[in-house]
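Please open the model in your viewer and keep the sequence beside it. The tour below goes from one selection to the next and says what is found at each stop.

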Amino acid sequence: MTRHTHIVVVGAGIVGIAAALWLQRDGLAVTVIDPGPPGSGASSGNAGCFSPSSIVPLSGPGILRQIPGWLLDPQGPLAIRWHYLPRLAPWLLRFIRAGTPARIEHQAAALARLLASTSDDLASLLHGTGAEPLIERRGSLIVYRTEAGWTGAEPGWNLRRRNAVAWEELTPIDLLDLEPALSPGLYRGVLLTGNSHTVDPHALVRRLAEAFLLGGGQLLATRVTSFDVADGRLRSVQTASGTVAASGVVLAAGARSGPLARMLGDRVPLETERGYHLNVGAPPVPLHRPVLSAEDRFVATPMTAGTRLTGTIELAGLASPPDWRRARALLPLGQRLFPGLPAGPGTTWMGHRPSMPDSLPVIGRSSRTPDVVYAFGHGHLGLTGAPTTGRLVADLVQGRTPEIDLSPFGASRFRPSWTPRPGSA
Ligand SMILES: Cc1cc2nc3c(=O)[nH]c(=O)nc-3n(C[C@H](O)[C@H](O)[C@H](O)COP(=O)(O)OP(=O)(O)OC[C@H]3O[C@@H](n4cnc5c(N)ncnc54)[C@H](O)[C@@H]3O)c2cc1C
């Protein structure tokens with residue numbers, strides 16, 4: 001049975017707020033601490049996709065061959081700020097090492113187990129919050145412009161098949177039937193029937209946070225600076241505005257979780273993959289669901305405010321200023337996919353994906369005390385992973401056995417002595 005009386009959740013992004021709601025439903029007193037308003041980090045400007053089909057890890061065989069071409073293309077999906085390379089190098093090496101066929105198989109299986117109940121957990125999380133109208137359950141599309149792109153993607157589809165992801169293959173005619181806004185002349189497409197999207201990710205976090213407050217939760221606008229742990233038990237949380245007594249902590253500070261985890265005994269290779277969006281108007285023919293362009297590596301999502309074009313990976317750390325050219329570079333790609341897509345209003349945003357080199361989040365207890373549970377590092381899949389992560393976090397806090405094996409997600413997996421359990425990553 002739980003000994004907990006008061007839980008502090010560090011971070012009011014989608015992961016922290018989801019965890020806070022699940023904990024509150026378990027009858028616990030919960031305070032969420034964040035210096036900014038809910039959803040002001042990566043969770044506000046993302047592509048809005050709940051995408052349990054996205055189980056293919058980012059690193060893979062052949063990634064080294066692709067990187068130079070991407071870096072040389074100013075519209076390409078990857079950019080590195082060279083001054084940041086010395087700090088990035090250890091993460092990059094781990095990222096490359098994570099791309100062996102055996103590791104990919106393990107990581108994909110672990111992701112598939114984590115994301116398998118996304119749809120049900122999202123429905124449970126939203127229940128009674130008033131946020132349901134922000135969700136559209138129409139699947140999502142991946143489209144291929146070329147035969148080479150389609151055949152090159154085969155290993156990824158085989159991996160999804162081995163992990164029970166459901167999809168329907170579409171001809172160019174099927175694609176236009178489903179989304180008449182698309183450019184004619186695409187080579188092939190895939191409808192991922194189990195995916196869904198939100199029409200406003202920021203409003204979604206805000207609505208869930210409002211439900212949390214209505215349920216008696218507290219929001220504290222300050223920054224967590226350290227933790228008071230004695231004899232292996234958590235006593236309190238130190239913040240920029242004073243001490244908060246707590247029996248348990250959920251660390252969900254997104255891309256800024258690394259230094260806090262280090263205070264709790266775990267050195268984790270957390271990096272930020274910066275991503276951009278460009279919001280433009282709706283195409284002349286409405287779009288119904290997110291469309292991912294496989295070759296150009298961006299997503300177009302129909303949202304309340306128009307069409308959101310999202311993409312790019314920029315490895316430049318937390319402090320460098322945004323390079324808005326990367327957001328604007330999404331426009332010609334979007335206009336190639338959707339003829340007539342307007343250029344305006346053209347509002348831009350940059351956010352910090354909290355990314356682990358093996359594409360798996362960190363979910364589990366800290367080394368220093370069982371009273372701290374980690375929930376960060378979801379990379380490209382934080383919106384998708386939040387509903388289930390929140391439920392698993394509540395299980396750990398309450399002392400219930402989680403229904404999936406969490407060992408692939410432990411912070412200790414980065415220790416040199418760690419070996420995967422049979423059947424896990
Ligand atoms: C361009 C782009 C597109 C994306 N598209 C998708 C998508 O379609 N689907 C998907 O699943 N994912 C997507 N993602 C990824 C997703 O947005 C992130 O994985 C997710 O938002 C991470 O949520 P989080 O709660 O962990 O972090 P955040 O939303 O960043 O929240 C962390 C919070 O912690 C707070 N914090 C930091 N330090 C402290 C501290 N010391 N004390 C207190 N609070 C602190 C921050 O202020 C912040 O509010 C995308 C990301 C980007 C950048």
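In which sense do β6 and strand β16 (residues 291-293) pair, and over how many bridges? Select both strands: β6 and β16 pair in the parallel sense, over three bridges, where two strands count as paired if DSSP finds at least two bridges between them. One of the partners to display is V291 in β16, which is the bridge partner of L141.

Before going further, note that this is a predicted model, in which local features need pLDDT of at least 70 and side-chain atom pairs count only at pLDDT 80 or more, while totals for chains, interfaces and linings use all residues. Residues are numbered from 1 along each chain as its sequence is written, and side-chain values use heavy atoms, with hydrogens and water left out.

Helices (H or I, at least four residues) and strands (E, at least two) are DSSP runs, numbered from the N terminus.

Because five of the five residues of β6 (residues 140-144) are buried, the strand is largely enclosed by the rest of the structure.

For the next stop, select R87, R262, V268, P269 and L270, which lie nearest the centre of the second largest pocket among its 28 lining residues. A pocket is an open set of points on a 1 Å grid over the protein atoms alone, where a 1.4 Å probe fits and protein lies on both sides within 12 Å along at least five of seven lines; lining residues have an atom within 4 Å of a point. Colour α3 (85-97), α10 (258-263) and β15 (271-280), the elements that give two or more residues to this lining; the largest share, five residues, comes from α3.

Finally, zoom out to the whole protein chain, which has 13 helices and 21 strands. The C-alpha trace spans about 65 × 45 × 40 Å along its principal axes, and buried residues make up 59% of the 425 residues.

Methods:
Buried means under 20% relative accessible area, exposed over 50%, partly exposed in between (1.4 Å probe, protein chains only).
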